[in-house]
Amino acid sequence: MIDSINIDAITKEVTYTKVEAALGFEIPIEIDYDAEVNRLIRQKYTVSQEFSVLRQKEEKPEEFAEYNDYCETCKMQVKEIIESHS
């Protein structure tokens, strides 16, 4: 099976589908962990917003906690995707 990655241009939602390989053998797909985590983080935070949250983590701990939780969620999502395609 060949894995297909589809990205909705409007919602930026990513879906992964398996398609039967016409040649009768599997072709593995490589997912760049760092790039995929970064892509997910950028869906919510620009680089400038991210730096701002990091600079002010002591002054705005709730905002930092929300950002950090989001980043951890992104990391878990990508790990699950990679594990499911291994």
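Buried means under 20% relative accessible area, exposed means over 50%, and partly exposed lies in between (1.4 Å probe, protein chains only). The views below show a predicted model, in which local features need pLDDT of at least 70, side-chain atom pairs count only at pLDDT 80 or more, and totals for chains, interfaces and linings use all residues. Residues are numbered from 1 along each chain as its sequence is written, and side-chain values use heavy atoms, with hydrogens and water left out.

**View 1. Glu 36 and Arg 39 in helix H1.** Glu 36 pairs with Arg 39 in a salt bridge (a side-chain nitrogen of Lys or Arg within 4 Å of a carboxyl oxygen of Asp or Glu), and their closest N and O atoms are 2.8 Å apart. The two residues are 3 residues apart in helix H1 (residues 33-42), so about one helical turn separates them. Helices (H or I, at least four residues) and strands (E, at least two) are DSSP runs, numbered from the N terminus. Glu 36 counts as buried because its relative accessibility is 12%. Arg 39, with a relative accessible area of 23%, is partly exposed.

**View 2. Lys 44 and Glu 66, a salt bridge between distant parts of the chain.** The closest N and O atoms of this salt bridge are 3.2 Å apart. Lys 44 lies in the loop between H1 and H2, whereas Glu 66 belongs to helix H3 (residues 61-84), and 22 residues separate the pair. Lys 44 has a relative accessible area of 39% and is therefore partly exposed. Glu 66 also counts as partly exposed, at 44% relative accessibility.

**View 3. Glu 72 and Lys 75 in helix H3.** A salt bridge joins the side chains of Glu 72 and Lys 75, at 3.2 Å from N to O. Because the residues are 3 residues apart in helix H3, they are separated by about one helical turn. Glu 72 is partly exposed, with a relative accessible area of 35%. For Lys 75 the relative accessible area is 28%, which means that this residue is partly exposed. The structure holds 4 salt bridges, among them the one between Glu 72 and Lys 75. Side chains of opposite charge can pair when their charged atoms come close.

**View 4. Glu 50 and its contacts.** Glu 50 sits in helix H2 (residues 47-55). Its relative accessibility is 12%, so Glu 50 counts as buried. Leaving out residues up to four places away in sequence, Glu 50 touches Ile 41, Arg 42, Tyr 45 and Tyr 67. Contact here means heavy atoms within 4.5 Å.
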